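Please open the structure in your viewer and keep the selection panel at hand.

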Amino acid sequence: MNYKLIDLHVYGDERGKLISIEGNKNIPFDIKRVYWIFDTIPEQDRGCHAHKELEQIIVAMDGACQFVLDDGKTRETVYLNRPDKGLYIGKNMWREMKHFSYGCKLMIIASTYYNEDEYIRNYEDFLKEVNA
Ligand code: TYD
């Protein structure tokens, strides 16, 4: 399975806490794009796609959600609910985002610019791609 949970170092003192992400230092790629998901709804799933090229790190800045990750052979579930954990997802991994808490805020750090051509949005096509 091409994913892992990364423990992000927390700089904390009496003023509060701070986390820093730097490309190719504490995450394993150069950063090309950052986007965020917010105003989520619990019964509304998102994702349901894979990427041929993109790698990404997802951080639950606030709230929680469940990631279902699938490499075409195995399905695993990861629960994201802490701003000090980064979920790394590599290439060719099907992902579904489910069970968002109300107002969940996800920040996503991506290794490529947005390119719809490198998305696989159909699960059967994904299985063909990973089994080719
Ligand atoms: P979508 O891929 O459906 O989101 P999710 O994976 O969370 O289900 O993206 C929603 C819309 O936003 C879609 O029209 C594509 C657009 N979009 C961009 O224009 N740039 C981006 O960086 C991303 C991630 C999405």
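**Stop 1**

Select N24, which is partly exposed because its relative accessible area is 48%, a value in between the limits of under 20% for buried and over 50% for exposed. Please note that the model is a predicted one. N24 is located in the loop that lies between β3 (16-18) and β4 (33-37). Its phi is near 60°, which is a positive value in a residue other than glycine.

Next, select H99, in the loop between β10 and β11. The phi of H99 is likewise positive, near 50°, and H99 too is a residue other than glycine.

**Stop 2: The open sheet**

Display the strands. Five of them form an open sheet in the order β8-β7-β10-β5-β12, and their pairing is antiparallel. At the edges are β8 (75-80) and β12 (119-120), each of which pairs on one side only.

Now select residues 65-70 and residues 94-98, which are strands β7 and β10. These strands run antiparallel and are joined by five bridges. Which residue of β10 stands opposite Q66? It is K98.

**Stop 3**

In soluble globular proteins, nonpolar side chains tend to be buried together. To examine this here, select I58, F67, L69, L87, I89 and L106: within the largest nonpolar core, which has 16 residues, these touch the most other members. At least two residues of this core are supplied by each of β6 (56-62), β7, β8, β9 (85-89) and β11 (105-110). The largest share, three residues, comes from β7.

Keep I89 selected and show its surroundings. Leaving aside neighbours within four places in sequence, the residues in contact with I89 are N2, Y3, L54, E55, Q56, I58, F67, L69 and R95. Another core, of nine residues, lies apart from the largest one; I57, V59, Y88 and I109 are among its members.

**Stop 4: The ligand**

Finally, select the ligand. Around it are R33, Y35, I37, R46, G47, H49, M97, Y114, Y119 and R121.

- R33: an N or O atom of its side chain is 2.4 Å from an oxygen atom of the ligand.
- G47: here a backbone N or O atom lies 2.9 Å from a ligand oxygen atom.
- R121: a side-chain N or O atom is 2.9 Å from an oxygen atom of the ligand.

On its own, the ligand has 540 Å² of accessible area, of which the protein covers 59%. The elements giving two or more residues to the shell around the ligand are β4 and β5 (46-51).

How values were computed:
Residues are numbered from 1 along each chain as its sequence is written. This is a predicted model: local features need pLDDT of at least 70, side-chain atom pairs count only at pLDDT 80 or more; totals for chains, interfaces and linings use all residues. Side-chain values use heavy atoms; hydrogens and water are left out. Two strands pair if DSSP finds at least two bridges between them. Helices (H or I, at least four residues) and strands (E, at least two) are DSSP runs, numbered from the N terminus. A nonpolar core is a set of buried Ala, Val, Leu, Ile, Met, Phe, Trp, Tyr and Cys residues joined through side-chain atoms within 4.5 Å. Buried means under 20% relative accessible area, exposed over 50%, partly exposed in between (1.4 Å probe, protein chains only). Contact means heavy atoms within 4.5 Å. A residue is near a molecule or strand if one of its heavy atoms lies within 4 Å of it. A polar contact is a pair of N or O atoms within 3.5 Å; within protein, one must be able to donate a hydrogen and the other to accept it, and residues adjacent in sequence count only if both atoms are side-chain atoms. Accessible areas come from the Shrake-Rupley method with a 1.4 Å probe; for residues, only the protein chains shown count as cover.
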